[in-house]
Amino acid sequence: MNTEIHKNSDEVVDLVFEAILKNRLKPGVRLSEISLQEEFGYSRSVVRQGFDKLVDSGLLQHKKNQGVRVACPTKEETTQIYEARQAIENAVITILVNKHQSQNLDLSAIDDLISEEKRLHNTSQNDEHTKLSCDFHLTLAELCGNKYIVESLKPLIPLSTLAASVYSNPESSFCSYAEHSDLIQAIKSNDLNRASRSIKKHLDNCVKSLDFKKTIRNRSYSNIFS
């Protein structure tokens, strides 16, 4: 495989990840290969390889003669996404508590993220707040120092964002910064049972905040990258 093509296709993946995390790409939207080619100068093969990776991860869906669309998770798929997150993130918390007990964990970056989440909580910058909430979970995984854990969790975070975009309930708090703060305090307490309960409660509440009775709107073409 051409190394340069592989590298550039990873950049395409990151661009789509970022757009989803910032709520710029909505579930069901059709993506344009041409937009990415024109905006960033990628070749058609690079864009297609990036899209193929995103299809494999579940973030994009491809249907014959219908092009590529952003995934629109069903209730069942959303439940499975969070079951997978529970398994992975509980392992993350176990590793981090052990690292903190050994005084081998710097949580300053996480503390900064929570402070910024709190600042944005009551502002109109919802897209940035969503991105910070996602960064919180990915940063915790990265602190484990295990690339396999990060790569396992990485596609599940934007899939969660897509689910929230479909089923969000304005009257509920999705991915609360206060619960993030409680989780970090649990890790700092070196109490594994407390920390495990905290991450389970947090992810359970993310699902409970969603309204699965909402009607899913099928969105059309997006030229977000042009």
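Me: Is Lys75 buried or exposed in this predicted model?

Reply: Lys75 is exposed, because its relative accessible area is 52% and the cut-off for exposed is over 50%.

Me: Where does Lys75 sit, and what is it in contact with beyond its neighbours within four places in sequence?

Reply: Lys75 belongs to helix α4, residues 75-101. Setting aside neighbours within four places in sequence, Lys75 is in contact with Tyr167 and Phe212. Lys213 is 138 residues away along the chain, yet the C-alpha atoms of Lys75 and Lys213 are separated by 9.3 Å.

Me: How many residues of α8 are buried?

Reply: The helix is mostly covered, with 12 of its 12 residues buried. Among them are Leu156, Pro158, Thr161, Ala164 and Tyr167.

Me: How should I read the packing of α4 and α8?

Reply: Two packed helices are described by the angle between their axes and the distance between the axes. Here α4 and α8 pack at an angle of about 140°. Their axes are 10 Å apart. The crossing of α4 past α8 is left-handed.

Me: Which residues meet where α4 packs on α8?

Reply: From α4 come Lys75, Thr78, Ile81, Tyr82, Ala84, Arg85, Ile88 and Glu89. From α8 come Leu156, Ile157, Leu159, Ser160, Ala163 and Tyr167. By class, this contact has 9 nonpolar, 2 polar and 3 charged residues.

Me: Now the strands. Which strands pair with β3, and in what sense?

Reply: Take each pair in turn. Strand β1, residues 30-31, pairs with β3, residues 67-70, in the antiparallel sense over 2 bridges. In that pair, Leu31 stands opposite Val68. Strand β2, residues 60-63, also pairs with β3 in the antiparallel sense, over 4 bridges. There, Leu60 stands opposite Val70.

Me: What should I look at in the hairpin of β2 and β3?

Reply: Look between the strands, where the hairpin has 3 residues. Asn65 takes a positive phi near 70°.

Note on methods
Residues are numbered from 1 along each chain as its sequence is written. This is a predicted model: local features need pLDDT of at least 70, side-chain atom pairs count only at pLDDT 80 or more; totals for chains, interfaces and linings use all residues. Side-chain values use heavy atoms; hydrogens and water are left out. Buried means under 20% relative accessible area, exposed over 50%, partly exposed in between (1.4 Å probe, protein chains only). Contact means heavy atoms within 4.5 Å. Axes are lines fitted to C-alpha atoms, for helices over the stretch in contact, and angles run from 0 to 180 degrees between N-to-C directions. A crossing is left-handed if the near helix is turned anticlockwise from the far one by less than a right angle, and right-handed if clockwise. Ala, Val, Leu, Ile, Met, Phe, Trp, Tyr, Cys and Pro count as nonpolar, Asp, Glu, Lys and Arg as charged, and the others, Gly among them, as polar. Two strands pair if DSSP finds at least two bridges between them.
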